[in-house]
Amino acid sequence: DYGMASLVREINLAGARLARQAADEFTAKNPDKPRFVAGAVGPTNKTASMSPDVNNPAFRAVSFDDLVLAYKEQILALIEGGVDALLIETIFDTLNAKAAIFAAEEAMTELGKRVEIMLSATVADTSGRTLSGQTIRAFLASVGHASLLSIGLNCSFGAKDLKPYLHEINAHSPWFVSAYPNAGLPNQFGEYDETPEMMAVQVKEYFDEKLVNIIGGCCGTSPDHIAAYQKLIKDAKVRQRKAASHNLILSGLEHLEIKEDSLFVNIGERCNVAGSRMFLRLINEKKYEEALSIARKQVEDGAQIIDINMDDAMLEAKEEMTTFLNYVAAEPEISRVPIMIDSSKWEVIEAGLKCVQGKCIVNSISLKEGEEDFLHKARKIRAYGAAAVVMAFDEKGQADSFERKTQICSRAYHLLVDKVGFPPQDIIFDPNVLAIATGIEEHNN
């Protein structure tokens, strides 16, 4: 927008170095109060989850890959400049944030240096949703794969109006919680009227109710506003982090938590070209609006997850997966539920993962092509923030006995947990029990 794209590295490197120098000088003056530097990574002015063209729901002004490229350039410079943390902030689209997290991990691997990751979202209105439509619980599920120092909210409202949403984050966050609200809402001249004293009274409630670990100020705040917090935190009790959930938590625009006492989870299979001839015909004819009606009907009829599969010889599966998922994202009554991205082709699965802001399920991976291929795909799935279905296949083929199925699933489990760091609750086993219905005698065991 400003014709300065070529200066991204230079600006971020210089800014980080200046901040590092200032922080170190003040730490030297008072070693008991160390100063840290956070490199701010903003949301950009584009959204990967929504189309700017009302007449073309599948169009995107920016792709996941575009964002990763841009974010990585900035993040490399910030880390080289000496930041202690990356603050991915003012998140209004979770897919943008997932791209920033992806870029941060790539940059840290490339430089051989780890820094902390902090996330801060902004809610669009009193519904408590992001601009791209996610609830706070859905947002937490979507970014839960990241190795985070903190998560929180900024901008949005003044401290008083932001508090209900901080309560929700506090209740479900296993990380530290941050907040940097505005100095109230802007007046008719776009100015902020809350004085440091007025804002401090509201922020004190955050400490009294143990809602946050990190506090600051956003639009309309000044050094005087921040200084007013100092006496408030002097004797405040520190918020304790919550224990992480061990349930499978998925998300579309809303979250789906599968607990020990959850009932059968319904997965709508009709947006699968192998399972619905009508859906295949509509995709073939590019009648996406009509194809959406099939997905909508499934959700209306009680599907808690929608399976989408484009594997057909007559289709460009990768292109169709991307297009249809983009259409789904524009339909809140469909996209409120999590997506299962279903394909036998890895490039199709990966294309789908780059379209979904929620936490979805990949269907599927297996040991059919060996451990190296299995681990590569599993690491990518983890980096995109998805759960995975693991099929009971290995290098010798499909397991045809209880013992072989158990052996393969156990092997896959330990590879995922021990080598990839997959949370056990994000692993879903498909033991292929339909083999017993083939009528082949050796399958009867």
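Leaving aside its neighbours within four places in sequence, which residues is alanine 228 in contact with?

Reply: This is a predicted model. Beyond its neighbours within four places in sequence, alanine 228 is in contact with Pro196 and Ala200. Alanine 228 sits in the loop between α7 (223–227) and α8 (230–233). Its relative accessible area is 13%, so alanine 228 counts as buried. Glutamate 197 lies 31 residues away along the chain, yet the two C-alpha atoms are separated by 6.8 Å.

Next, the nonpolar packing. The largest nonpolar core has 117 residues. Within this core, Tyr206, Ile308 and Phe324 touch the most other members. Helix α3 (residues 94–111) supplies the largest share, 10 residues. A second core is separate and has 10 residues, including Leu250, Ile361, Ala387 and Phe393.

Take Ile308 from the largest core. Neighbours within four places in sequence aside, isoleucine 308 is in contact with Cys271, Met321, Phe324, Leu325, Val328, Ile339, Met340, Ile341 and Asp342. One of these, Phe324, is itself among the residues that touch the most other core members.

Aspartate 307 is buried and has no salt bridge. The nearest side chain of opposite charge belongs to arginine 270, 10.0 Å away. A salt bridge here needs nitrogen and oxygen within 4 Å. With neighbours within four places again left out, aspartate 307 is in contact with Ile267, Gly268, Glu269, Cys271, Asn272, Met340, Asp342 and Asn363.

The strands β11 and β12 come next. Strand β11 (residues 339–342) runs parallel to β12, and 3 bridges join them. Methionine 340 stands opposite isoleucine 361 in β12. β12 is mostly covered, with 4 of its 5 residues buried.

Helix α10 packs against β10 as well. The 13 residues of α10 should span 18 Å at 1.5 Å a residue, and the end C-alpha atoms are 18 Å apart, which agrees. Its buried residues are Tyr288, Ala291, Leu292, Ile294, Ala295, Arg296, Gln298 and Val299. They pack against β9 (267–272), α9, β10, α11 and α12 (332–335). Just after α10, glycine 302 takes a positive phi of about 110°.

Charged side chains complete the picture. Opposite charges on side chains can pair when the charged atoms come close. The structure holds 25 salt bridges. One of them joins lysine 354 to aspartate 65, with the closest N and O atoms 3.0 Å apart. Lysine 354 lies in the loop between α13 (346–353) and β12 (361–365), and aspartate 65 in helix α2 (residues 64–80), so this pair ties together parts 289 residues apart in sequence. Lysine 354 is partly exposed, at 22% relative accessibility. Aspartate 65 is also partly exposed, at 43%.

A second pair is lysine 163 with glutamate 209, at 2.8 Å from N to O. Lysine 163 is in helix α5 (residues 159–172), and glutamate 209 is in the loop between α6 (196–208) and β6 (214–215). This pair links distant parts of the chain, 46 residues apart. Lysine 163 is buried, at 15% relative accessibility. Glutamate 209 is partly exposed, at 33%.

Lysine 286 and glutamate 320 meet in a salt bridge at 2.5 Å, N to O. Lysine 286 lies in the loop between α9 (277–284) and α10 (288–300), and glutamate 320 lies in helix α11 (residues 317–329). The pair therefore ties together parts that are 34 residues apart in sequence. Lysine 286 is partly exposed, with a relative accessible area of 44%. Glutamate 320 is buried, with a relative accessible area of 2%. Elsewhere, salt bridges that share partners join Arg20, Asp24 and Asp84 into one network.

Key:
Residues numbered from 1 in each chain as written. Predicted model: local features only at pLDDT ≥ 70, side-chain atom pairs only at ≥ 80, totals over all residues. Heavy atoms only, no water. Buried < 20%, exposed > 50% of the residue type's maximum accessible area, 1.4 Å probe, protein only. Lys, Arg positive; Asp, Glu negative; His and termini not counted. Contact = heavy atoms within 4.5 Å. Core = buried A, V, L, I, M, F, W, Y, C linked by side-chain atoms within 4.5 Å. Helix = DSSP H or I, 4+ residues; strand = E, 2+ residues; numbered from the N terminus. Expected span 1.5 Å × (residues − 1). Pairing = 2+ DSSP bridges.
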